[in-house]
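Visitor: I'm new to this one. Can you walk me through it, piece by piece?
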Amino acid sequence: MCGIVGIVSAKAFPSRVLLERLKRLEYRGYDSYGLFDGRGVIKHVGGIRVEGRGRCAAGIAHTRWATHGGVSERNAHPHLSCDGQIALVHNGIIENYEEIQKGLVRKGHRFASETDSEVIVHLLEELLRRRPIEEALPRLFRELKGTFAILAMIRGRDEIYALKRDSPLVLGAAEGRSVLASDIYAFSDWTDRAVFFENDEMARVGPDGARFFDRTGRPVRKPIRTFHWQEERTAKRTSGHYMLKEILEEPAAVGRLLFSLGHDQKPAFERLVRLIRRSRKVIFASCGTSYHASLLGAYYFHRAGMEVQTLIASEFRHFAKVDAETLVVALSQSGETMDVIDALKYARENGGRIASIVNVPHSTIQRMSDLSLNILAGPEVCVASTKAFVNQAALLLAIARAFGFQVQLETLPDRIRTLFKQRVKIRALAGRIARSRDAYIIGRGLTYPVARETALKIKETSYIHAEGMMGGELKHGTIALIEKGTPVLSLINAGDPDIVSNTKEVEARGAEVFVLTNHPTLGGDRNAVHLKTANDGKFGILAAVAGQLIAYYAAAALGRPIDKPRNLAKSVTVK
Ligand code: M6R
């Protein structure tokens, strides 16, 4: 995943503004970055430093997360054509780049990087030798296989050419300037008006505005949409990291969602409930944290007397049988996860209906859906998803309630606030987990999905090996790994005797047991965090919030970068 930004303005602007905007997309990749401001290219390895250098009327920029080619300045974007006249940034993967490259090398092109992206700029240069730009771009569409959001500029022209297929691209219509970006977060503090590219569309964006075309070059009319995207007021400086900032925003985010389900989103919510009721089969499709939220949802639905299937989106086509009576419900924070998009394409090909629950408004997944609800968590900058999980789970709980599950959902924001008062204790517990190389998190029923989510958060932020599992599964093998001092976090929903006996099993093996529970006394004082809530499903969400804090404090104790994905790029094979 990479982030791209392009700005065209009626008045010259400092080129550092490109980097400022790019910084807002840094969560999409941060191993190197670069910009082209009409005069020249700057590239650096590492996190984005917002620095000044003159003014420009148009420019493009890119923050990279390496896939093809290691982390180096020469692999950073923008890439230049042989004559240095064209600069280009790309997010996506060009599948036929080797074939294109061979042909271009035969024609005399010299390549400066190991990336798949560089072939695009040379191909464009080649195409432009014999035809004007308006004919070259449809040819580019025809020749490229794979996924792309491309921004290209020609030296001396204050114009950006933008092309999209299967990678996100949006144009923000701000006062006096147009901003092209991978997502609305790049400009959501400037404008709430945007034009969303569909697949195989392109645009020519100049100081006088944007013109859109289909892949053959025929003009298309695109509506400008107004989006609602709540920028939170909680200052990052109060918390130090976006991860903590975003966890602390959870009470406000849940409150906003619950209000909207009773007001502006009420008709859509009721339509979704009707659609679920009418469908013979309901399948959730999602990845990572969103998948864990869907598992929690499946538990809630089960408690309401309904069966749903949950599938990891990348495995969807291998396990799902979709027909016209199937409803596929996609869950995604970004609304742009390619595995989910692929699952939805498969669902569509097989005649299924599509609903989605997303955070980023107007995202691709939302636009692919027959019906979509917004979780309204607001921008999630930290790569570890936290407040989105809470709002996804709260929305699924609200749906289960509509099917008869008894829950007092309105108290959830206050319960989370009360949990925050235990941060000192949670931090101490996290500090003890941080001393270990491995950790196990066990749950059952309501808390099984939370065990998996907590393990994912610990792995992702603190790089400790963590396994989240069903307490009942321990004895079928994994218990062999539990030895004296192994940390085991047990998520105990009051009134569940089975998870209590699983906890005793690991204790008997010498594990250092920690407990998160809504039981008033279980687990003693030193090793237990007691979360106050009734036994109505909210405990699952509260335990997940406590798990997020444990992951955060463990990562902080170990001095991990926290807000960013671990830089695996250096170990990526250089093609
Ligand atoms: O944007 P999505 O919810 O579709 O993303 C899915 C996963 O990539 C995401 O939840 C990932 O697992 C999180 N970074 C984990 O914190």
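Guide: Let's begin at the ligand. A polar side-chain atom of Ser 290 lies 2.6 Å from an oxygen atom of the ligand. This is a predicted model: local features need pLDDT of at least 70, side-chain atom pairs count only at pLDDT 80 or more, and totals for chains, interfaces and linings use all residues. Residues are numbered from 1 along each chain as its sequence is written, and side-chain values use heavy atoms, with hydrogens and water left out.

Visitor: What is 2.6 Å from an N or O atom in the side chain of Ser 334?

Guide: An oxygen atom of the ligand. An oxygen atom of the ligand is also 3.1 Å from a polar backbone atom of Thr 289.

Visitor: How much of the ligand does the protein bury?

Guide: Taken alone, the ligand exposes 410 Å², and the protein buries 82% of that. Those areas come from the Shrake-Rupley method with a 1.4 Å probe; for residues, only the protein chains shown count as cover.

Visitor: Which residues around the ligand come nearest?

Guide: There are 14 residues around the ligand, and Ser 290, Ser 332, Ser 334, Thr 337 and Glu 460 come nearest. A residue counts as near if one of its heavy atoms lies within 4 Å.

Visitor: New topic. Which residues of helix H2 are buried?

Guide: In H2, residues 97–106, the buried ones are Tyr 97, Ile 100, Gly 103 and Leu 104. Buried means under 20% relative accessible area, exposed over 50%, partly exposed in between (1.4 Å probe, protein chains only). Helices (H or I, at least four residues) and strands (E, at least two) are DSSP runs, numbered from the N terminus.

Visitor: Why do they line one face of the helix?

Guide: Down the axis of H2, the buried residues fall within an arc of 130°, so they line one face. The arc is that of the directions from the helix axis to the C-beta atoms. Glu 99, Lys 102 and Arg 106 are exposed, on the face turned away from the buried side.

Visitor: And what covers the buried residues of H2?

Guide: The cover includes strand E6 (86–94), helix H3 (118–128) and helix H4 (133–143).

Visitor: Where does His 122 sit?

Guide: His 122 is in helix H3. With 1% relative accessibility, His 122 counts as buried. Its side chain makes a polar contact with that of Glu 118, at 2.9 Å. A polar contact is a pair of N or O atoms within 3.5 Å; within protein, one must be able to donate a hydrogen and the other to accept it, and residues adjacent in sequence count only if both atoms are side-chain atoms.

Visitor: What else does His 122 touch?

Guide: Leaving out residues up to four places away in sequence, His 122 touches residues including Leu 80, Leu 104 and Phe 111. Contact means heavy atoms within 4.5 Å.

Visitor: Now the strands. Is E7 buried or exposed?

Guide: In strand E7 (residues 146–154), 9 of the 9 residues are buried, so E7 is largely enclosed by the rest of the structure.

Visitor: Which strands pair with E7?

Guide: E6 and E7 run antiparallel, joined by 9 bridges. E7 also pairs with strand E8 (residues 160–165) over 4 bridges, again antiparallel. Two strands pair if DSSP finds at least two bridges between them.

Visitor: What stands opposite Ile 150?

Guide: His 90 does. In E8, the bridge partner of Ile 150 is Leu 163.
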